[in-house]
Amino acid sequence: MNKNASLQFLSVDGIEIAVRYRQGNKMPGLVWLGGYRSDMMGFKAVAVDALAARLGIAALRHDYSGHGASQGDFSKGTISLWLRQSLSIFKHFTRGPQILIGSSMGGWIALRMAEELKKCHIGLAGMVLIAPAPDFTNRLLEVKQRQSQRRKLDAKDSFEIRSEYKTLSYTQALIEDGENNLVMEGLIDPGCPVHILQGMQDDIVPYEHTLKLMEYLPLGDVTLTFVKDGDHRLSRSQDIDLLERIIQFFLTAA
């Protein structure tokens, strides 16, 4: 029952996007949105799918272009592109109410998806954001550039930033496109309850960024849980247990 859902592909704008979709007989379903340079076989993504299998509910996850098993050039990736892919996958596979679960950059994608889905009169049952990084191209990268040595990688004006976990590269196209997707400029109303899970030892998305995000979210139906010794990954067994409890609370409340 907990076996990974089979791998399949959906063409979005001519790019084959890798998808794993688990059908379920209960609602709402779960939709996983991964982080920058992460893939759908990551520990948290697989844990969410396993939870769905145990509970008999649907679960959907995919790799953005240039990530994991999907086709596409990572260096050409932007928030707008990955958002379009996520919306296409969502509309193609899901039926009925869904809970978006966004990790890091996936939190930004989730918030933008909520905006776009509202335009189509599609509501959400809930949203779980794990170390969310909305507007990171504007609010986080500029700080990291000033604090680290900027290194030109190629003619596309890319640079890299080293963290405790890995070295990540960012293109000028990604940064410029990010300006078209900023959400922390006024009230963010996803139209559903939101629960944010944030580690206080996170050196990728500092908890102060999440506190700033809270200023833009509605007063009601928004919960923030800090994990005092948690890092950016939040992938320890106790972190996964906490994530599962949050998801199951949404399921019982739906």
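Mentor: Let us begin with S103, which lies in strand 5, the run of residues 98-103. Please keep in mind throughout that this is a predicted model.

Trainee: Is S103 buried or exposed?

Mentor: The general idea is that a residue counts as buried when its relative accessible area is under 20%. S103 has a relative accessibility of 9%, and therefore counts as buried.

Trainee: Which residues is S103 in contact with, once its neighbours within four places in sequence are left aside?

Mentor: Leaving those neighbours out, S103 is in contact with W32, L33, G34, G35, K44 and I130. For the protein chain as a whole, buried residues make up 55% of the 254 residues, and the secondary structure comes to eight helices and ten strands. Among contacts between residues at least 6 apart in sequence, 74% join residues at least 24 apart.

Trainee: Which residues touch the most other members of the largest nonpolar core?

Mentor: A nonpolar core is a set of buried nonpolar residues joined through their side-chain atoms. The largest one here has 54 residues, and those that touch the most other members are Y36, W82, L100, M113, M127 and F136. If we take F136 as an example and do not count residues up to four places away in sequence, F136 touches Y36, I79, M105, W108, L141, Y170 and L174.

Trainee: How should I think about empty space inside a model?

Mentor: Rolling a probe the size of a water molecule over the atoms shows where empty space is left. In this model the count comes to one cavity of 30 Å³ or more, and the largest cavity has a volume of about 30 Å³.

Trainee: Which residues line the largest cavity?

Mentor: The lining consists of L30, V31, W32, A45, V48, D49, A59, L60 and R61. The elements that give two or more residues to this lining are strand 3 (26-33), helix 1 (43-55) and strand 4 (57-62). Sorted by class, the lining has seven nonpolar, no polar and two charged residues.

Trainee: How do the side chains of R61 and D49 meet?

Mentor: They meet in a salt bridge, with a distance of 3.5 Å from N to O. Because R61 lies in strand 4 and D49 in helix 1, the pair ties together parts that are twelve residues apart in sequence. R61 is buried, with a relative accessible area of 2%, and D49 is buried too, with a relative accessible area of 2%.

Trainee: How many salt bridges are there by this count?

Mentor: The count comes to ten salt bridges. One of them joins E116 and R112, whose closest N and O atoms are 3.0 Å apart. Both residues lie in helix 3 (residues 105-119), four residues apart, which is about one turn of the helix, and both E116 and R112 are buried.

Trainee: Which residue forms a salt bridge with E116 at 3.2 Å?

Mentor: That residue is K119, with its closest N and O atoms 3.2 Å from those of E116. K119 and E116 both lie in helix 3, three residues apart, again about one turn of the helix. K119 counts as exposed, at 60% relative accessibility. Salt bridges that share partners join R112, E115, E116 and K119 into one network.

Technical notes
Residues are numbered from 1 along each chain as its sequence is written. This is a predicted model: local features need pLDDT of at least 70, side-chain atom pairs count only at pLDDT 80 or more; totals for chains, interfaces and linings use all residues. Side-chain values use heavy atoms; hydrogens and water are left out. A nonpolar core is a set of buried Ala, Val, Leu, Ile, Met, Phe, Trp, Tyr and Cys residues joined through side-chain atoms within 4.5 Å. Buried means under 20% relative accessible area, exposed over 50%, partly exposed in between (1.4 Å probe, protein chains only). Contact means heavy atoms within 4.5 Å. On a 1 Å grid over the protein atoms alone, a cavity is a set of points where a 1.4 Å probe fits but cannot get out, and a pocket is an open set with protein on both sides within 12 Å along at least five of seven lines; lining residues have an atom within 4 Å of a point. Grid points are joined across faces, edges and corners, and a volume is the space filled by probe spheres set on the points. Ala, Val, Leu, Ile, Met, Phe, Trp, Tyr, Cys and Pro count as nonpolar, Asp, Glu, Lys and Arg as charged, and the others, Gly among them, as polar. A salt bridge is a side-chain nitrogen of Lys or Arg within 4 Å of a carboxyl oxygen of Asp or Glu.
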